[in-house]
Amino acid sequence: LDKRAKWHGIPVLLQELYESSHLNSDYTRTHIVLKELSSLLSMEAMSFVTEDRKTAQESTFPNTYTFDLFGGVDLLVELLMRPSLTTLQKPKMNDDLVKDCLSVLYNCCICTEGVTKSLASRDDFVLFLFTFMTNKKTFLQTATLIEDILGVKKEMIQLEWIPNLSGLVQSFDQQQLANFCRILSVTISEPDVGNDDKHTLLAKNAQQKRNTSPSRAEVNQVTLLNIPGFIERLCKLATRKVSEATGTSNFLQELEEWYTWLDNTLVLDALMQIATDELSLVFFWKYSTLATIPLRHRLPQSMKIVHEIMYKVEVLYVLCVLLMGRQRNQVHKMLAEFRLIPGLNNLFEKLIWRKYTTSNHVVHGQNENCDCSPEISFKIQFLRLLQSFSDHHENKYLLLNAQELNELSAISLKANIPEVEALVNTDRSLVCDGKKGLLTRLLTVMKREPPDSSFRFWQARAVESFLRGATSYADQMFLLKRGLLEHILFCIIDSGCKSRDVLQSYFDLLGELMKFNIDAFKRFNKYVNTEEKFQVFLTQINSSLVDSNMLVRCIVLSLDRFESQTEDVKVVEVLSECCLLSYMARVENRLSFLFRLVNIINVQTLTQENVSCLNTSLVVLMLARRRGKLPFYLNALREKEYAEKYPGCLLNNFHNLLRFWQHHYLNKDKDSTCLENSSCIPFSFWKETVSVLLGEDRTCPCAIISYIDEPYMELDRDLLGD
């Protein structure tokens with residue numbers, strides 16, 4: 001039967017493995033048999049990775065399938081877990097046997113469908129695996145297997161279930177801790193909710209209603225923060241310098257050749273093992289292209305630098321996720337105290353942005369896997385961290401050095417306005433040192449980036465997050481003095497940039513930079529000095545209002561404020577000369593924006609990306625209400641409907657959107673604070689205006705219902721309830 005089925009003696013070998021691994025065995029024979037089995041499986045694992053991981057099928061990998069079919073996987077799990085099941089075991093399994101067991105299990109995971117999921121379903125085994133990480137000799141094999149298992153596990157594990165987690169993490173050296181971060185990233189990130197309708201705010205709100213308690217990812221974040229010294233060690237890892245002893249001359253050229261197969265830090269550690277003669281080829285099957293590289297090329301001089309970059313990617317990702325979690329303020333305090341920002345500033349030119357790498361890949365979301373080179377991943381992760389660090393937090397001033405902080409104070413003094421409280425409270429001992437702060441260095445590289453580079457998107461997001469929150473004139477002037485406005489306008493008007501992601505990030509940044517700042521509008525007019533340039537600018541705005549509506553909101557809000565400052569000669573001068581303000585001052589243009597903003601969204605399609613269109617349309621109507629013009633705008637919407645032969649269409653849609661707005665924002669503290677800070681309109685006025693618009697009195701001139709004729713009233717009044 002064995003010969004006919006081509007089992008290659010695997011069932012007999014498994015029987016021998018079982019019999020030789022009894023409780024009183026010394027495991028000598030067990031190890032010999034396992035090595036024989038391992039050699040039968042190794043070529044399949046090797047071919048699997050060299051063929052770009054084609055879908056695993058039983059016929060393709062018969063040996064691995066047979067091994068699993070006859071209970072090989074279960075037997076190895078039982079063998080590995082024996083110490084947890086009995087105290088009678090004598091003698092103990094040696095490290096090499098444990099390593100080989102783990103490697104064979106890993107081969108089965110990558111070659112035979114269902115093995116990984118089967119192992120993932122055994123919580124006892126998954127948690128027990130972590131105990132092998134205490135031993136440096138078995139750390140790499142364990143880390144690789146755990147990473148694959150957690151990747152398919154349906155339910156996220158609770159870190160607090162891991163036996164003595166705190167002791168385990170404290171026992172790691174820095175190298176192991178960096179690799180452990182790769183595993184941690186799976187346990188602290190919220191699972192991706194999927195595509196299409198699941199991303200809608202309607203679906204998210206329904207999900208939040210069901211899940212009132214903290215998610216497992218949030219609980220895991222708290223568990224990590226409670227480990228003594230954990231954040232401090234991550235900060236040290238993120239900011240440590242690469243040893244000067246490593247050859248760096250042709251580092252980047254080598255990096256480009258290597259990145260196609262160096263897909264994580266674990267392979268680099270494995271290479272280090274080769275370098276120290278701890279050859280463990282079983283482990284390399286995941287990275288088997290190594291076998292095709294001539295030996296003399298296998299360890300380039302720059303390996304330690306690549307190693308360090310890949311470590312830092314993992315560490316920065318974990319810090320980034322923690323910064324966006326519920327414990328944000330606690331994490332912020334720690335990162336400031338452990339001088340993360342000054343440390344990254346010192347690495348900026350030597351390591352982070354030592355070369356202008358081309359990056360034309362798609363902009364990845366926070367939880368998406370990235371197949372970029374280490375260099376690109378590192379830059380993106382660094383920019384994401386800066387964005388999370390600055391966003392709506394007073395610690396953002398740590399991105400400057402002492403001289404730059406003094407410059408901000410001088411700007412406030414000259415303008416005769418009080419300094420921002422956060423600036424006054426900034427601890428000068430924790431800010432950047434050197435000639436430039438991190439923000440200024442970022443602006444320098446941003447200006448040199450090619451037009452469609454996706455780095456531009458992350459760079460703009462990072463700078464924009466520095467400006468977000470309550471508008472600060474001094475912060476804006478600091479960036480205006482460094483030519484940021486002209487750079488943004490060049491990119492939008494003159495560079496030929498076609499990337500929607502990049503353009504959206506530049507529109508958002510421009511909005512924050514110009515909001516309520518008369519000097520910015522004056523500079524805008526100086527740059528956009530021809531009708532042709534202005535028309536190109538308008539075309540870019542109009543080509544996608546979802547992308548540009550935050551800028552439209554900024555112009556509308558700024559115009560409203562400037563019109564109330566007519567005693568200021570400078571304001572009057574800019575109001576009369578600036579083409580952008582003159583354009584928005586014409587009521588037909590404001591109405592045109594309002595029609596389209598209301599028309600491009602509905603309750604079912606609202607997402608975090610486009611909900612800003614609803615808020616921008618509300619800003620237009622709130623400012624109209626302040627001036628007693630709300631009925632005029634609502635009547636204009638009604639006339640537009642009739643002109644387009646769709647009576648009731650716009651207004652019914654807007655009515656539903658506003659009902660959703662109440663449902664969404666009246667339970668969310670953070671969102672409402674953001675609306676208030678970014679618009680300088682009290683949230684009470686937002687709520688009041690929405691209530692007035694949703695009024696049920698058909699005789700009220702400010703209620704939407706008054707402008708929808710009875711036959712066109714939507715019958716489905718319980719849309720949100722459904």
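A residue is called buried when its relative accessible area is under 20%, exposed when over 50%, and partly exposed in between (1.4 Å probe, protein chains only). The model is predicted, so to speak of local features takes pLDDT of at least 70 and side-chain atom pairs count only at pLDDT 80 or more, while totals for chains, interfaces and linings use all residues. Residues are numbered from 1 along each chain as its sequence is written, and side-chain values use heavy atoms, leaving out hydrogens and water.

**Helix H35**
- Helix H35 covers residues 630–643 and reaches 20 Å from its first C-alpha to its last, close to the 20 Å expected at 1.5 Å a residue (1.5 Å times one less than the number of residues).
- Helices here are DSSP runs (H or I, at least four residues), numbered from the N terminus.
- Leu-630, Tyr-633, Leu-634, Ala-636, Leu-637 and Glu-641 are buried in H35.
- Those buried residues line one face of the helix, because they fall within an arc of 155° seen down its axis (taken from the directions from the axis to the C-beta atoms).
- On the face turned away from the buried side sit the exposed Glu-639 and Ala-643.
- The buried residues pack against helices H33, H34, H36 and H38, where contact means heavy atoms within 4.5 Å.
- After H35 comes Lys-645, with a positive phi near 65°.

**Helices H19 and H23**
- Ile-341, Leu-344, Asn-345, Phe-348 and Glu-349 of H19 meet Leu-438, Arg-441, Leu-442 and Val-445 of H23.

Notes
Helices (H or I, at least four residues) and strands (E, at least two) are DSSP runs, numbered from the N terminus.
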